[in-house]
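Open the model in your viewer and keep the selection tool at hand. The stops below go from a whole chain to the place where its parts touch.

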Amino acid sequence: MIRILKPGFYASVQDAGRVGYLSDGVGRCGAMDALALKVGNAAVGNPDTAAALEFTFGGFEVEATRDIEICIGGAPIQAKIDGKPIHRWWAQTFHKGQRLSVGPCASGMRSYLCVAGGIDVPTVLGSKSTDLKGGFGGLSGRLLKAGDVLDVGPARKGREMRPKGLSPREFPDLFRDFTACPTLLFIPAREWEDLDAANQRKFLDEEWVISPDSNRVGYRLNGVQISPKVHKEMLSHGILPGTIQLPPSGQPVVQMKDANTAGGYPKLGKVIEADMSVLAQVPIGKSIRFAPCSIDEAKIALRTQNAHSDRVRKIMNGLRNIA
Amino acid sequence: MNILSITSLADSAITVVLDNVIGAAAAGSVRAAKAAVEALDHSAIDEVTASYVSITVYYDAMLLSQSDLIDLVRETLAPITIGAGGAGRLLSVPCCYDPIYGADQIDIAETLGCSVDDVIDAHLNTTFDVYAVGFLPGLPFLGDMPAGFSIPRRATPRVKVPAGAVAIANGQSVIYPWESPGGWHIIGHCPVTLFDPTRTDPAVFCAGDRVKFVSISAENLASAHIQEVTS
């Protein structure tokens, strides 16, 4: 089990998300940085979809109440077990009574603590992810607080494990920092054509700043004013995480994992699945750019990313067998 | 069935627009279309949601191309008639209109230039269509209030609307399943749990249902429940 000593700014249990209940008004939820969850799970030998702890801005501390195998992934952070530095993207044993303390994120925004066996909370509507709007899933449907104790699912019995993990040389993408302004690919949606060439240009040229009132529901972007040729009143219809909307303010909003299930604002497009993990790590106050792409390019990007986490799984399984 | 337009939400979903006017006719088309696409039970289709005049079909682009999905949806909907599958369930839903639960009753009546009883009667005498469920888990959007009973949303939304609040705005009505911020005018209270994540069907309402409110007294809140009316 894991005891939370300091949850940091915003911590919750998340897995790969909840599919199948949009028509009941239940959103997908799930890890904001889906790639980090996948790789972290692969590192400790879990299925892709096992639940982990998502922390925001670092600055958290937890204690092991029995020996468990863990991997910390996501944003660059300084992590220590009982004062001794540990690596990101490494699997290692976290012994009963030891404390893992993590400093603030050097860049990026979200860290994942993956545990062999997964965080064991009840599965609600097919997922262990926390749905804060509905107050269910995760640990009692709420954010984690100091003193919470989380069960860990059964894992392979193994011998004492030496730390092992991924190197920055082999996986530069996993170790990059998030200080540069990333260009996110998006697939244009119907209302993209309602922008004239000048406004499309403005949208693509701008370095959009993530506003402070951004959260797991949506990222509000600040920059130049984007005005459609015609202002369309649209009836509410289905939307998803990644949807880029243009409210009347002319400042776009990107729906994130806790997105509402329906909305009526015009849609400029949708950030491709593979780049949602990048966006999840761009901190408030930093900027992003957009570039359009085709559905085929989005598929290739997702395939490449999946191959990436498959390779991590293979490498870590190999290391585990020779340990 | 006539499809007005199909727009894509990138590589994840398509929205199929079936009507351009909100109302019972649109609700009928939407209900029939959603049922027909769900009945395909296609491995690449994750889920189908219904809204006022459209359905949205969520799919896995790794398993099915968007053009194939669009062809499939067109073929599926072409032979469907609007009345297919019959009318939705008719549910009788308890609502307590006691003034202590209707914080905005007087404001509504003043704005509309009628009596509080007129507003309550209009609400009680309407058979609503559930146009969509969303915004919050289990929250039903119900339409339409009779002509003359449409009122814009509050200029300043409330920070907290209590769970169970029955409210109206823009010719429609909602029931808040949870305490939440909200801008609709509160006229009553429904004491039934509208969303329970431990149930297989967590939400009480689904798009396509019909709703008739039944007035209950404040003393009878505890025993009130939602009933399906068979006609």
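What percentage of the 231 residues in chain B is buried? Buried residues make up 44% of them, where buried means that 20 or more other C-beta atoms, placed from the backbone, lie within 10 Å of the residue's own.

This is a predicted model, in which local features need pLDDT of at least 70 and side-chain atom pairs count only at pLDDT 80 or more, while totals for chains, interfaces and linings use all residues. Residues are numbered from 1 along each chain as its sequence is written, and chains are lettered from A and ligands numbered from 1 in the order in which they are written.

Chain B has 4 helices and 14 strands, which are DSSP runs numbered from the N terminus (helices: H or I, at least four residues; strands: E, at least two). Its C-alpha trace spans about 55 × 40 × 40 Å along the principal axes.

Next, colour residues 5-77 of chain B as domain 1 and residues 90-229 as domain 2; these bounds come from an automatic or database domain assignment. The centres of the two domains, taken over C-alpha atoms, are 28 Å apart. Where they touch, domain 1 of chain B contributes 10 residues and domain 2 of chain B contributes 7 residues, with contact meaning C-beta atoms, placed from the backbone, within 7 Å.

Finally, select residues 24-39 of chain B, helix α1. On the side of domain 1 that touches domain 2, helix α1 gives the most, with 5 residues.

How values were computed
Contact = placed C-beta atoms within 7 Å. Buried ≥ 20, exposed ≤ 12 C-beta atoms within 10 Å, placed from the backbone.
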